[in-house]
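Hello,

Here is the structure we spoke about. Please open it first, then read my notes below.

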Amino acid sequence: MPDIKCDIIIPVWNEPELTRKCIEAIEKNTSLGYRIVLVDNASSSETASYLKGLSRVTLIRNDENIGFPKAVNQGIALSNAPYLCILNNDTEVYKGWLSEMIDIAEANPDIGILNPASNNLGLHKPLEGFSGKWIEMSSCIGFCMLIKREVVRKIGKLDEIYSPGNFEDSDFSRRAAKAGY
């Protein structure tokens with residue numbers, strides 16, 4: 001595998017089948033060097049057993065469900081790649097997803113955080129015609145957020161005041177915008 005370009009941080013609370021599909025989609029559709037960091041928020045024994053059996057991931061196991069922002073921050077603390085991606089475990093990615101986002105980020109120094117185009121209707125087919133295109137939005141959504149390492153250095157991690165979860169992605173996006181991204 002090439003050098004690690006991105007740490008993919010996936011908080012998990014149960015849902016082993018969704019997590020399996022998510023990981024398989026990453027492995028099938030990602031050509032850049034990456035590392036998967038799973039943060040298990042005290043899942044059931046079935047999910048915990050499945051996660052322990054994965055040899056191709058870095059696993060953080062919490063004894064209690066600490067919520068989304070705190071779990072993501074645990075992954076960020078472990079991360080050292082130039083990019084990190086916060087990814088929900090119910091997300092399935094498609095061919096070229098990560099390289100497309102990183103290409104856009106590298107071509108645009110002012111962009112600090114990106115979301116991919118999404119077919120949020122569950123159609124499970126790639127969206128076509130969006131390659132290389134982007135639009136500025138007021139905030140990114142945490143289902144799949146690519147973040148430049150420099151943004152975390154400048155503004156810090158997710159604000160844990162939003163635990164167990166909701167609006168931490170909007171807050172992070174707005175702090176990044178205030179920092180010039």
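Where does Glu15 lie? Glu15 is in the loop between β1 and α1. Phi of Glu15 is near 60°, a positive value in a residue other than glycine. Asn14 sits in the loop between β1 and α1 as well. Its phi is near 65°, again positive in a non-glycine residue.

Some ground rules. This is a predicted model, where local features need pLDDT of at least 70, side-chain atom pairs count only at pLDDT 80 or more, and totals for chains, interfaces and linings use all residues. Residues are numbered from 1 along each chain as its sequence is written, and side-chain values use heavy atoms, with hydrogens and water left out. Helices (H or I, at least four residues) and strands (E, at least two) are DSSP runs, numbered from the N terminus.

The sheet. Six strands form an open sheet, in the order β3-β2-β1-β4-β6-β5, with mixed pairing. Two strands pair if DSSP finds at least two bridges between them. The edge strands are β3 (58–62) and β5 (113–114), and each pairs on one side only. Strand β4 (83–87) runs antiparallel to β6 (144–148), over five bridges. Ile86 has Met145 in β6 as its bridge partner. Helix α4 (97–107) packs on the sheet. This helix touches β1, β2 (34–41), β4, β5 and β6. Its direction makes about 40° with that of β6. Contact means heavy atoms within 4.5 Å. Axes are lines fitted to C-alpha atoms, for helices over the stretch in contact, and angles run from 0 to 180 degrees between N-to-C directions.

A helix pair. Helix α1 (16–29) and helix α2 (45–52) pack at about 25°, with axes 9 Å apart. That makes α1 roughly parallel to α2 (angles under 35 degrees count as such). Pro16, Thr19, Arg20 and Ile23 in α1 meet Glu46, Thr47, Tyr50 and Leu51 in α2.

On a 1 Å grid over the protein atoms alone, a pocket is an open set of points where a 1.4 Å probe fits, with protein on both sides within 12 Å along at least five of seven lines. Lining residues have an atom within 4 Å of a point. There are 17 of them, and the closest to the pocket centre are Pro11, Trp13, Phe68, Asn88 and Asn89. β1 (6–12) and α6 (168–178) are the elements that give two or more residues to this lining.

One last item. A cis peptide bond joins Ser163 and Pro164, with omega about 15°. Pro164 is in the loop between α5 (149–155) and α6.

Best wishes

Notes: Parallel < 35°, antiparallel > 145°, perpendicular 65-115°, else oblique.
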